[in-house]
Each structure stands twice: as structure tokens, then as C-alpha cells.
Amino acid sequence: MRATVLVRPKSGILDPQGEAVHGALRQLGFAVSEARVGRVVDVELDATDAGEARTALERMCEQLLANPLIESYEITLEST
Amino acid sequence: MNPPRPRVGIIVFPGSNDERDAAWALSALGAEPVLVWHAEPELPDVAAVVLPGGFAYGDYLRCGAIARFAPAMQAVAAFAADGGLVLGICNGFQVLCEARLLPGVLRPNASLRFTCKDAPLRVERRDTPFTMRCHPGQRLVIPVKHGEGSFFADDELMEELEAAHQVVLRYDGENPNGSRNDVAGVVNRDGNVFGLMPHPEHAVDPLLGPSDGALILAALVDSARDRLLAAVG
């Protein structure tokens with residue numbers, strides 16, 4: 001089973017990388033008022049049960065993939 | 001009679017690179033450094049532990065995020081829970097934050113640039129095992145060298161840390177990384193775990209530049225020796 005985990009800097013948290021990207025986009029002439037940079041983790045799981053997979057993914061996020069102090073996460077399971 | 005040399009464990013992760021400077025500095029200041037490989041599930045008999053600078057496990061994902069699961073880190077967490085003295089320098093500070101042994105997190109520098117320079121600091125407290133050789137308000141100069149040293153805590157946590165006087169060191173003057181409230185080093189609530197971004201182990205021999213780092217490391221050695229003597233006595 002495949003899943004995608006999206007990790008984002010929480011809103012209100014300074015994101016210097018996003019600011020640099022924002023500045024570059026504006027320099028290219030795009031009318032952009034904000035850009036924030038997060039991270040995508042594609043995961044291939046052995047689990048076949050969606051509920052089981054989601055529980056495992058949540059634990060992965062809490063333990064390792066995201067730091068809850070500064071990041072939020074979003075899990076998307078791919079239906080097969 | 002010479003005072004006993006307390007053994008201080010230095011955890012070496014794949015990617016650590018300041019462990020030898022830490023060992024040299026601790027040895028020069030009267031301790032017996034013991035390098036401990038990250039895969040060791042138990043600590044040798046030591047009176048204090050240092051997590052050195054570097055890029056543990058490549059600092060992939062987030063600095064310290066993977067290193068915190070090393071077998072030696074489980075032993076360090078147990079040692080800290082028992083009241084053991086733990087000092088995290090730079091990457092070691094990042095590992096301690098990710099391991100939740102210290103509050104907050106270190107984020108990329110606001111400038112997005114690696115910074116390497118002597119940093120003026122202000123000592124906020126001397127009643128810790130790591131700063132008792134300083135006086136409150138003392139100005140120290142200790143080098144920083146990091147790309148991700150911007151201490152962050154949300155409003156609530158920052159308020160808690162200030163109220164509990166857990167900010168032990170602040171940048172005095174220019175803040176090199178954009179850390180909140182100019183935080184350069186924080187201690188845990190119990191006062192036995194300390195993390196700082198500046199590198200005291202690079203500022204010990206006056207021949208090489210500022211030597212204020214010796215004040216921090218010598219305090220650690222004193223504290224470790226006190227514990228050793230208390231355990232024996």
C-alpha cells in the first residue's frame with residue numbers, strides 16, 4: 001500500500017526557505033504573496049488494511065517524520 | 001594529591017566531527033574523556049555525558065531527528081532521567097531537543113546561511129552545573145558554526161522557559177541565527193541537561209583565540225567530579 005505524507009511548517013512559523021522562494025518568484029514576475037516550503041515523504045507499506053496503515057503512518061509522523069512543535073502533517077493513502 | 005579526573009562520556013554518532021576537540025578540551029580541563037560509539041546500548045561508568053557537534057546521521061530529515069533513536073541515546077535518556085549531567089553542543093543540542101530531553105527545536109538560520117564566527121554571549125544564570133564558574137550577566141565570547149541554530153519555541157513554551165529561567169545563555173548583540181529571545185543555550189527544568197549552539201570546546205586554549213569556553217567545560221568537569229566524590233564518599 002502506498003501513502004503520501006505531506007509535512008508543512010505550521011502557520012505563523014517563520015519559514016526562511018519559503019521566503020527565499022517567494023522572493024525569487026516575485027523576481028520572476030509572478031504575483032505571489034506568499035510561498036511556504038514543506039516536504040513530501042512517499043511511503044510504501046507492507047500493510048494491506050487501510051486503518052492499520054493509517055495508524056502506523058500517524059505514529060511515523062509523531063515519532064519521526066514531523067516535529068509537532070513546528071510542523072503539521074497530512075496523510076493520504078493511495079487506494080489500490 | 002591531585003583531584004580525581006572524572007570520566008566524561010562523549011557520544012560519537014556517524015557524522016559527529018567535534019568529538020576529538022571535546023575530548024582534548026575535557027582532558028585539558030581535568031577530566032578523563034571516554035568516546036562512546038552510538039550503537040552502544042549502555043553507557044560506561046561516567047560522571048557526565050557530552051553530545052558533540054557535527055552532523056549525526058547526516059542530519060537527514062531534521063537535525064538530530066534520526067540520531068535520537070540511536071541505542072546510546074536511550075542510555076543517555078535514562079542517565080538524564082536519573083539526574084545525570086548531559087551537555088549537548090551544537091548538533092548535540094539539536095539531538096537533545098529532538099529527543100525531548102530539552103524543550104524547543106533548532107531551525108534553519110534566518111539568513112539560510114551557515115554562520116561561523118565568534119559570538120558574544122551573556123550568561124543569565126550561574127546556578128547550573130554548567131555555568132557556576134561564570135557570574136550572572138558575564139559576557140563570554142565563544143564561536144558558533146552552524147546552519148541550523150535558530151532556537152524556536154512557540155509563544156506558550158517560550159513564556160514558560162523564561163518564567164522558569166531556563167534560558168542560560170543569550171546572544172549579546174548580534175543574533176547570528178534569528179533564535180527567539182536571542183536564545184543561545186537552554187537548560188531543562190531539573191537543571192541537569194544543558195544544550196548550547198556555541199562551541200565551548202573550540203574556545204579553551206588562548207593560543208587559538210577566545211578561551212571562555214573553558215568556563216563552561218571546567219564547570220562541567222567540576223560538577224562531574226563533585227558527583228563522583230559524592231558517590232564515593
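Reader: How many helices and strands does the secondary structure of chain A come to?
Author: This is a predicted model, in which local features need pLDDT of at least 70, side-chain atom pairs count only at pLDDT 80 or more, and totals for chains, interfaces and linings use all residues. Residues are numbered from 1 along each chain as its sequence is written, while chains are lettered from A and ligands numbered from 1 in the order in which they are written. Helices (H or I, at least four residues) and strands (E, at least two) are DSSP runs, numbered from the N terminus. From that terminus the elements of chain A run β-α-β-α-β, and the count is two helices and three strands.

Reader: What is the radius of gyration of chain A, and what does the globule rule give for 80 residues?
Author: The radius is taken over C-alpha atoms, and the rule is 2.2 Å times the number of residues to the power 0.38. Chain A is more spread out than a compact globule, because the rule gives 12 Å for 80 residues and the radius of gyration is well over that, at 16 Å.

Reader: What is the radius of gyration of chain B, and what does the globule rule give for 233 residues?
Author: Chain B has five helices and 11 strands. The chain is as compact as a globular protein of its length, because the rule gives 17 Å for 233 residues and the radius of gyration is close to that, at 16 Å.

Reader: What percentage of the 233 residues in chain B is buried?
Author: A residue is buried if 20 or more other C-beta atoms, placed from the backbone, lie within 10 Å of its own, exposed if 12 or fewer, and partly exposed in between. Of the 80 residues of chain A, 11% count as buried. For chain B the figure is 55%.

Reader: Which helix of chain A gives the most to the side that touches chain B?
Author: Two residues are in contact if their C-beta atoms, placed from the backbone, lie within 7 Å. Eight residues of chain A are in contact with nine residues of chain B. The largest contribution on the chain A side, three residues, comes from helix H1 (residues 16-27).

Reader: How many of the residues of strand E4 (residues 85-89) of chain B are buried?
Author: Leu85(B), Leu87(B) and Ile89(B) point one way from E4(B), Val86(B) and Gly88(B) point the other way, and all are buried. The strand is therefore largely enclosed by the rest of the structure, the count being five of the five residues.

Reader: Which residue in E11(B) is the bridge partner of Ile89(B)?
Author: Two strands pair if DSSP finds at least two bridges between them. Strand E3 (residues 48-51) of chain B runs parallel to E4(B), joined by four bridges, and Ala48(B) stands opposite Leu85(B). E4(B) also pairs in the parallel sense with strand E11 (residues 193-196) of chain B over four bridges. There, the partner of Ile89(B) is Leu196(B).

Reader: Which elements of chain B are included in what covers the buried residues of H3(B)?
Author: Eight of the eight residues of helix H3 (residues 91-98) of chain B are buried, among them Phe93(B), Val95(B) and Glu98(B). The cover includes E3, E4, strand E5 (105-107) and E11 of chain B.

Reader: What ipTM does the predictor give the complex?
Author: Chain B averages a pLDDT (the predictor's confidence in each residue, from 0 to 100) of 96, and 99% of the residues score at least 70. For the complex, the predictor gives a pTM of 0.94 and an ipTM of 0.85.
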